[in-house]
Amino acid sequence: MRASAARANGEGGWNRESSNLSSCQRTRGFLIPEVHTMDEKDKDQDEQDVGLSAPAKHSAEELLDAAAGDPLDPMRHSAAHVMAEAVLDLFPGTKLGIGPAIEGGFYYDFEVERPLTPEDLARIEDRMRASVKADHPFVRKELDPDKGRAFFVERDQPYKVEILDDLRIAADAVGEAAPVVTTYEHGPFIDLCRGPHVASTGKIGPFKLLSVAGAYWRGREDRPMLQRIYGTVWSTQEELDLYLWRRTEARRRDHRRLGVQLDLFSFHDISPGAAFWHPKGWTLYRTLENAMREIQEKRGYQEIYTPPLVSKKLWEQSGHWDLYREHMFVLESEEQTFSLKPMNCPESTFIYKSRMRSYRELPLRLSEYGKLHRNELSGVLSGLTRVRHFVTDDAHIYLRPDQIEAEIEGLFGEVREAYAWFGLDPTFTFGTRPDKALGDPALWDRAEAIMRDVLERSDIPFRVKDKDGAFYGPKIDIQVEDALGRQWQTATIQLDLVMLPERFDLTYVDENGEHVRPVAIHRAIYGSLERFIGVVLEHTGGALPFWCSPVQAVVVPIADRHNDAAQELAALLREHHLRVEVDDSSNRMQNKIRLAQEQKIPYMLVLGDREVEARSAAPRTREGEQQPVTPWRELAHRLEAEARERSPGPPAIQRPPVETR
RNA sequence: GCCGCCUUAGCUCAGUGGUAGAGCAGCGGUUUCGUAAACCGCAGGUCCAGGGUUCGAAUCCCUGAGGCGGCUCCA
């Protein structure tokens, strides 16, 4: 997947969109403080990992600064060396790959005879502790290039030799001499290394090895598969504990788990990568979709619907057939080749072109909740966040170049509103013209200047990723951080100067009667609804905001004699467009409350003799607050108003007790 | 796709070559209760699928499916 995704990306940003919509920034080392690594090497956002991080809000400046690196990096990298020492000791003959510091910890890639097991990890950890206890100093040495290479040849470390050879080739290419080879030695272990390190192994703080995973040498499918061990290391035990707590917490609120617990959706072998939505999950889904429709109606969008199954001719015209065919589900019928659409945009042009367009009707905003299918590799599927079947809150906006600024500003407003409903604070990443960009450079320059200007005026923090735009136009990606500080890529606003307008030959008639090209904007605010629901579930730990909770209140009659009144109250609340259930089971009230609590239902409305008599109810929130007894009518009006407000409600879980960094 | 691990009741899991288990959920009964678990009973299984080894397989081997953790933060 990696190779193909990278290819598609390199060539045409259209896969950008796919990335944005189909994957999450789940973690690799898992808890990774801050955003630093969001970009750097990986062109493919999809594969980028950013993890649970230190919480807190980030200003734009902080986001930019974060790229500087972590002060703990030398220690983390040193821990990787100590791990390599241990592995080499326990598994003689092991070939070493690389062992960098990563957010929250480190890894090292090894070629070992047999697969490593969790028991091996424990043994490696023990050996590492001994090395830390011995407090070996790290000693830097410099060797001339030839001696350095010979040293690693002699030690039978082919990957290290390859690294050195590549450095030499790179130096040759720019006419420089091969660089000096530096090694770091501690105790019995010596490794090719640029450094820096801590003074001695004793300076390495509390650590824990986390997992073993396969990893291609240099990430390339045609190179050997090495075994990568991930570890985490911190300066203090408290920090390590906090990190491990976050990991546990993240597992606890995993949306896949919550989906089962809250009876929202399930997955089945008969359709890998596609959710089966249960009644409650589908209620949530439709509630989000309809909330977004409200924004769109307010902003003058018009909703369309186009066929999911289309001839491959469409993709040949759009250029996707060459780039993306392997990610499409393709089928034959009567000697024609069709595919399930992996995106909506080309088809919307057919509606645009169905008749002559006047400058007066621009911007033309066409939204579509189209069902999309992308043939993701089986190995990358994951819950709702990486699926083969999904729907986006997609829209394509056709406009005149002079309308770009106002339109982008309007879109920022949509983002602000839609994310505030969940208590999510979005940040933006601005991708500028890539090397392979198509289209008029002057138009590019103008478009980028406008977008940058709007970004700077906006109150939403952003950072710039140079050359990360789509081939057809600059773009703005939207990220959010959830309650555990994890980064998620959700949505995207992409300016399209070329693809739809040129390839599909779109025009409108301007004031002078001339046929001229519009520009287009591809935009999705939630992105994939599947994925966004996954993010919201993990963000809230399942305690969804009141307005979108599948069951907003459960009426709890204390005894059977209160059941009729409970039904009456529920009926009244339903008349006020509230989603209400009655728990008339034979459970005791305490148990009814416990069950409602476990289902994270926002309100429990308790009904006993006193309440039935007064036609009132005693509300209890899922946070455990007992509210004053309230008459039915008043309650109905209050809750109805609360639902209409769409406030995110109180934070789902409290932060860990102490922040140590 | 590739590497490793996992798959036992609706859910969470125990069981490692000799008659398939627990808790919760479900169902039935008793109980009618004031803010996170009343009591008793019953039922529930293609041990992921297929093949093999064995007197005997949930357990060992092979193949497949699905899931989980990962798959250049370049010495």
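Chain A exposes about 28,200 Å² of accessible surface, and 51% of that belongs to carbon and sulfur atoms. Keep in mind that this is a predicted model. Of the chain's 661 residues, 57% count as buried. As for how the chain comes together, take the contacts with a separation of 6 or more: 73% of them join residues 24 or more positions apart.

In soluble globular proteins, nonpolar side chains tend to be buried together. Here the largest nonpolar core has 86 residues, and the members that touch the most others are Leu288, Tyr398, Tyr419, Phe422, Phe428, Ile493 and Tyr526. Helix α14 (residues 404-420) gives this core its largest share, seven residues. Another core lies apart from it, with 38 residues, including Met75, Leu96, Tyr108 and Phe207.

Which residues does Leu288 touch, leaving aside those up to four places away in sequence? They are Phe422, Tyr526, Leu529, Phe532, Ile533, Trp547 and Cys548.

Helix α4 covers residues 73-90, and its 18 residues should span 26 Å at 1.5 Å a residue; the end C-alpha atoms are 26 Å apart, so expectation and model agree. Is this helix enclosed or open? Because 14 of its 18 residues are buried, α4 is largely enclosed by the rest of the structure.

One of the elements it packs against is helix α5 (residues 118-134), at an angle of about 115° and with the axes 9 Å apart. The crossing of α4 past α5 is right-handed. On the α4 side, the residues that meet α5 include Ala79, Val82, Met83 and Glu85, along with Ala86, Val87, Asp89 and Leu90. From α5 come Arg123, Ile124, Arg127, Met128 and Ser131.

**Leu258**

Leu258 sits in helix α9 (residues 255-261). With a relative accessible area of 2%, Leu258 is buried, because the cut-off for that label is under 20%. Beyond residues up to four places away in sequence, Leu258 touches Arg253, Asp263, Leu264, Leu537, Gly541 and Gly542. Ala553 is 295 residues away along the chain, and the C-alpha atoms of Leu258 and Ala553 are separated by 19 Å.

Here are the helices mentioned above, with their residue ranges:

| Helix | Residues |
|---|---|
| α4 | 73-90 |
| α5 | 118-134 |
| α9 | 255-261 |
| α14 | 404-420 |

Conventions
Residues numbered from 1 in each chain as written. Chains lettered and ligands numbered in written order. Predicted model: local features only at pLDDT ≥ 70, side-chain atom pairs only at ≥ 80, totals over all residues. Heavy atoms only, no water. Buried < 20%, exposed > 50% of the residue type's maximum accessible area, 1.4 Å probe, protein only. Contact = heavy atoms within 4.5 Å. Areas by Shrake-Rupley, 256 points an atom, 1.4 Å probe, with all protein chains shown as cover. Core = buried A, V, L, I, M, F, W, Y, C linked by side-chain atoms within 4.5 Å. Helix = DSSP H or I, 4+ residues; strand = E, 2+ residues; numbered from the N terminus. Expected span 1.5 Å × (residues − 1). Axes fitted to C-alpha atoms, helices over the stretch in contact; angles between N-to-C directions. Left-handed = near helix turned anticlockwise from the far one by under 90°.
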